[in-house]
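Here's a quick briefing to read alongside the sequence and the 3D view.

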Amino acid sequence: MILKDLPSETLSSLLKGPGINLDIGSFRANLRTDVDQLAQQVAELYAEFPVETETEICDFFVRIAPPSPLRRYVRQNVCAYIDDLDPFEPMPRDLAYPLLESALNWCVASQISRYLLLHAAVMGRGDRAAIFPAPSGTGKSTLSALLSLAGWRLLSDEFAILRGSDGRLQASPRPISLKNESIRIIADAGGAERLSRRYDGTIKGSLSYLRSQGESLTALNETCLPALVIFPAFKRGAALKVQPVEKSEAFMRLIDNAVNYLLLGQTAFETLTRVVERCDIYHLEYSDNEEAIATLDELLAAAKPEREALAS
Amino acid sequence: MRKFDDPKTHWRVCGRDKLLWRDWDGDMVIYHPLSGDTQLLDVAVAEVLKVIDEGQATRDEARAQLARFLEVDNDSELDKAVSQILGKLDDLGIIEPAPE
């Protein structure tokens with residue numbers, strides 16, 4: 001069953017009671033809330049995601065609710081409760097959805113140790129994927145969204161999820177978080193119908209979320225072979241520049257982007273080694289989005305990740 | 001005398017597990033199981049560490065191997081460089097003097 005198959009009254013009732021167990025690809029999250037507008041926004045942005053009603057086994061348990069009954073009426077704030085923890089500052093009720101997304105990111109980053117996680121977007125075509133390790137502000141999410149509109153499959157906008165057993169990439173194609181100017185860029189590029197409403201006044205400015213669709217969801221549980229690592233840098237007015245990155249340098253930069261490298265130790269070293277040995281690795285500086293996407297199409301098509309896979 | 005200046009000191013890798021190595025175009029990345037640290041080493045440092053990782057090595061043995069590897073004179077300048085390399089690896093907690 002997918003979320004949009006649930007009648008809105010049933011969804012609202014479940015969210016106020018035991019919660020819904022939402023399959024977000026590599027993870028299953030139990031969500032609960034009594035904030036009606038959040039229920040509507042989850043229904044809209046996760047409409048095509050599977051929901052489980054038969055199991056209580058989840059990776060995360062997240063509840064978005066007012067900190068006290070009084071706050072339903074006065075200074076209407078909400079908090080994110082994760083198990084018994086409350087790791088975020090209360091937010092205005094209107095920002096409940098961004099708070100939920102932040103809480104899910106927090107859950108993945110702090111509670112998952114069965115995969116190697118990198119701060120990176122991952123976009124694929126067929127069986128191959130490109131990893132875009134980058135901190136906030138480098139245009140990573142804008143690029144992911146543009147690639148998604150161009151027909152690439154979204155595996156994840158926040159984390160590269162690498163399996164230690166075979167070094168393949170798992171998916172968790174939650175909505176792409178877009179900030180400020182990026183919202184207009186994606187709307188103008190044909191994504192307006194997939195964008196959520198705007199959330200103004202967050203610490204990151206204005207936010208909007210791009211709904212996942214198509215192969216990103218139909219292939220939710222299918223893995224991809226890492227074929228490209230791209231360190232992207234959007235630089236206004238810059239000419240397109242594609243420079244190969246030495247594997248040793250790339251390896252150390254990937255460690256800098258890893259969330260749980262120290263925790264996983266030798267497994268993480270060996271998993272990242274496979275990524276670096278399989279992938280073609282480039283620094284991509286660009287200002288023209290269309291030119292960057294055409295270049296990425298060519299680079300992914302030319303990459304030969306099968307070399308290492310066949311050799312092993 | 002500092003321990004890495006003593007030519008009689010035998011050096012060994014800290015911990016029982018062997019280092020994990022990857023060599024990409026001359027640059028070495030190593031994983032040290034005891035500390036969980038990963039280091040990017042240049043060729044000279046990596047060569048000295050390889051000698052020590054194979055068993056134990058004195059400064060003189062490491063210097064001789066490095067001279068062969070780099071095809072340079074085994075002279076006082078190289079000796080000074082090896083001392084610095086041993087000091088660096090010691091500081092990183094990768095090697096330690098072996099008990100006599």
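**Cavity, pocket and interface**

The largest cavity holds about 50 Å³ of space. Bear in mind that this is a predicted model: local features need pLDDT of at least 70, side-chain atom pairs count only at pLDDT 80 or more, and totals for chains, interfaces and linings use all residues. Residues are numbered from 1 along each chain as its sequence is written, chains are lettered from A and ligands numbered from 1 in the order in which they are written, and side-chain values use heavy atoms, with hydrogens and water left out.

**The cavity**

- On a 1 Å grid over the protein atoms alone, a cavity is a set of points where a 1.4 Å probe fits but cannot get out, and a pocket is an open set with protein on both sides within 12 Å along at least five of seven lines; lining residues have an atom within 4 Å of a point.
- Grid points are joined across faces, edges and corners, and a volume is the space filled by probe spheres set on the points.
- The count comes to one cavity of 30 Å³ or more.
- Its lining includes A:Leu15, A:Arg32, A:Thr33, A:Arg63 and A:Leu100.
- β2 (28–33), α2 (36–45) and β4 (60–65) of chain A each give two or more residues to that lining; helices (H or I, at least four residues) and strands (E, at least two) are DSSP runs, numbered from the N terminus.
- Sorted by class, the cavity lining has seven nonpolar residues, one polar and two charged (Ala, Val, Leu, Ile, Met, Phe, Trp, Tyr, Cys and Pro count as nonpolar, Asp, Glu, Lys and Arg as charged, and the others, Gly among them, as polar).

**The pocket**

- The largest pocket comes out at about 1,200 Å³.
- It has 48 lining residues, and A:Ser136, A:Ser141, A:Ser177, A:Lys179 and A:Lys204 lie nearest its centre.
- α3(A) gives the most to this lining, with eight residues.
- The pocket lining splits into 20 nonpolar, 18 polar and 10 charged residues.

**Where chains A and B meet**

- On chain A, 15 residues are in contact (heavy atoms within 4.5 Å) with 12 residues of chain B.
- About 1,200 Å² is buried between the two chains, with carbon and sulfur atoms giving 69%; buried area is the accessible area (1.4 Å probe) that two parts lose on being put together, summed over both.
- A:Ser248, A:Met252 and A:Phe269 supply 42% of the area that chain A buries against chain B, more than any other three residues.
- The rule finds one salt bridge across this interface, where a salt bridge is a side-chain nitrogen of Lys or Arg within 4 Å of a carboxyl oxygen of Asp or Glu.
- A:Glu277 and B:Arg22 meet through their side chains in a salt bridge (3.7 Å, N to O).
- α9(A) gives the most to the side of chain A that touches chain B, with six residues.

**Salt bridges overall**

- Over all chains, the search turns up 19 salt bridges.
- One of them joins the side chains of A:Arg125 and A:Asp297 (3.3 Å, N to O).
- A:Arg125 sits in strand β7 and A:Asp297 in helix α10, so this pair ties together parts 172 residues apart in sequence.
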